[in-house]
Amino acid sequence: MSYTRTTLIAAAALIASGFAQAQGVVMQRNLSLGLAKTIAEAALAECSAKGFHVSIAVVDRAGQLMVLLRDEQAAATTLEMARRKAYTARMFKMSTADFQKRTTPDQPYAGQRDVTDMLALSGGVPIMVGNEAIGGVGSSGSSLEQDDACAKAGIAKVADLLKEK
């Protein structure tokens, strides 16, 4: 009986100490509005310079929209597609081109395409600091390869600011 009581007290103490450690302040890197705007503008400039009329979306670490730009001649559907590409890239911490390959019908992760707001088309890239995704950028309105290149150009513009310190 004494052994059981001691074991229970020890287990309760371990659980309580784990709970106490779980409380507190969580520190996170976040995408600033200025950085999000710079990424979006650079991505739009890249596509515009090549003659494409696109929309660009940038989402934060939670997948919430921060910036949405649409070229005057871009189709209305490009807005939602760019947002969903940015969201998909952020949530899965991979490009949407890789997400597309990973979720083809013959792959084990095919069901991930059915998650709300996912879009398995090239043109979305996560915004990373080391291994941490702090956002995503999506481009829509040109070819899939060019959308991907435009999104990457947006991130390349701020690459020095995304290095771990």
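Predicted model: local features only at pLDDT ≥ 70, side-chain atom pairs only at ≥ 80, totals over all residues.
I started with Thr-96, which counts as buried because its relative accessibility is 0% (buried is under 20% relative accessible area, exposed over 50%, partly exposed in between, with a 1.4 Å probe and protein chains only). Residues are numbered from 1 along each chain as its sequence is written, and side-chain values use heavy atoms, without hydrogens and water.

I placed Thr-96 in helix α4 (residues 96-102); helices (H or I, at least four residues) and strands (E, at least two) are DSSP runs numbered from the N terminus. A polar atom of the Thr-96 side chain sits 2.6 Å from the backbone oxygen of Leu-121. I then listed contacts (heavy atoms within 4.5 Å): beyond its neighbours within four places in sequence, Thr-96 touches residues including Lys-85, Thr-88, Leu-119 and Gly-123.

Next I looked for disulfides (cysteine sulfur atoms within 2.5 Å) and found 1. Cys-47 and Cys-150 form it, with sulfur atoms 1.9 Å apart. The pair joins distant parts of the chain, Cys-47 in α2 (residues 33-49) and Cys-150 in α5 (residues 144-157), 103 residues apart. The S-S torsion is about 115°, so this disulfide is right-handed. Both Cys-47 and Cys-150 are buried.

Last, I followed α5 itself. Its buried residues, among them Gln-146, Cys-150 and Ile-155, pack against α2, α3 (77-92), β3 (124-129) and β4 (132-140).

Methods. Polar contact = N/O pair within 3.5 Å; in protein donor to acceptor, adjacent residues only side chain to side chain.
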